[in-house]
Amino acid sequence: MAAASLLTARPGAALSGTVTAPGDKSVSHRALILGGMAEGVTEIEGLLEGEDILATARAVAAFGARVARLGPGQWIVTGQGGFRQPDSVIDCGNAGTGVRLLIGAAAGYPVTVTFDGDASLRKRPMKRITGPLTGMGARFEWQDDPDRLPLRLTGGKLKGLTFTQAVASAQVKSALLLAGLNASGDTDITEPERSRDHTERMLRAFGAAVRVREEGQGWRMRLAGGQRLSGTPVSVPGDPSSAAFPLAAGLIVPGSAVTVENVMLNPLRTGLFDTWREMGADLEVTNRRESGGETVGDITARYSSLTGVVVPEARAASMIDEYPILAATAAFASGRTVMRGIGEMRVKESDRIALMARGLMACGVTVEEEPEGLIVTGGPVQGGATIETAHDHRIAMSHLVLGLAAARPVTVRDAEMIATSFPGFVALMQGLGADIG
Ligand code: S3P
């Protein structure tokens, strides 16, 4: 795909067929990073080969691990039992998860390293990571702004930290747990809602002990410092955040039935599916099974008459990346869909509240934007617009899916960014019968 490319979705016939979800982005980042920190061999199958993950693979290699691709989704990481001093800047591209987890992991080792990213990543807040890591003893220097990349980390000689997060963030929790592995004493983190637990699960698979318990109003994770990781096989389940796009198309294009196989059903990731069901979506899960330490299943979405709902705010952590596609499907529901308590959406790959509000309004949808919320009133969706995506993959895919069911085609800018999380998106959608090109 050419740089700054345009893609157009045109309304057309019903979609049908069965596709496989690409590997989960969160699990893929963690498999590479923990593999790089561990001693020995980590064989990964089903790795997402999106741009974000390839940047993490390069970073892990720069930190001294041997990283090899054996075939599609099949990778081997041979770690040396710790990160070594890299001889270049670590460029994480567009990946917020990649850079934040890598900063946390690297902070535990005696390295001095500069982290950087693309224009979008340079706009994203980093103090949420560097603040508590400074409390553990890591040192940071900044080029311009103490909350932004590029930044230079000097790690090593950390001590554990007791830390309470104001907003549940798996990236912050994971960065601190990875740093805590090489700290003296315990690292103890409390979060107000439970965020995705892939790091805790994977640390255990690599041989580390993490205690998790519900306490008072939140969740508390405790990890003892000085634990070693040993390489282990990792099977990456399909990404529910990516599966959401073809499933959404199945729900809103009349007459459709779309099945996505091998979707991870970790309850800390499936808030969107719960919300769609409350809206009246015909979603069927079959072939539920265990794979690589996670429950996975095949999900079929059939065209449904949807009704707006109020999404519980406590659900935000379990679907934070899914509000853009929820907003797109809410445009076809009867009544209002109220999404609140989602201020974090403004500091993702773009300001997703603003971008979705603007894009949906350009397509003729009634939207109310709030500082930490978005309210979509369903009705006839005109389409016929060209959408600014601010280089955000999920804004692009959400509007393309909307265009499949709108009255007129919808075009998105910067469509090449879709490859950061879902490299096969266009071909997969075309295989279901979608007119995207
Ligand atoms: C992620 C956590 C979420 C999510 C991101 C992936 C992770 O971010 O938005 O796409 O893999 O830990 P926050 O933890 O900042 O909410």
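This is a predicted model: local features need pLDDT of at least 70, side-chain atom pairs count only at pLDDT 80 or more; totals for chains, interfaces and linings use all residues.
Buried here means under 20% relative accessible area.

Start with aspartate 414, which sits in the loop between β25 (410-412) and α12 (425-431). Its phi is near 55°, a positive value in a residue other than glycine. Is aspartate 414 buried or exposed? With 11% relative accessibility, aspartate 414 falls under the 20% cut-off, so it counts as buried.

Asparagine 262 also has a positive phi without being a glycine, with a value near 65°. Where does asparagine 262 lie? Its place is in strand β17, which covers residues 257-264.

Then there's the peptide bond between leucine 149 and proline 150: it's cis, with omega at about -5°. Proline 150 belongs to the loop that links β8 (139-142) with β9 (151-154).

**Cysteines and burial**

How many disulfides does the model have? The count is 0. Cysteine 92 has a relative accessible area of 1%, so it's buried. Cysteine 363 is buried as well, with its relative accessible area at 0%.

Here are the buried residues mentioned above, side by side:

| Residue | Relative accessible area | Class |
|---|---|---|
| Cysteine 92 | 1% | buried |
| Cysteine 363 | 0% | buried |
| Aspartate 414 | 11% | buried |

Back to aspartate 414 for a moment: this loop residue pairs a positive phi with a buried position. Asparagine 262 has its positive phi within a strand instead.

How values were computed
Residues are numbered from 1 along each chain as its sequence is written. Side-chain values use heavy atoms; hydrogens and water are left out. A disulfide is a pair of cysteine sulfur atoms within 2.5 Å. Buried means under 20% relative accessible area, exposed over 50%, partly exposed in between (1.4 Å probe, protein chains only). Helices (H or I, at least four residues) and strands (E, at least two) are DSSP runs, numbered from the N terminus.
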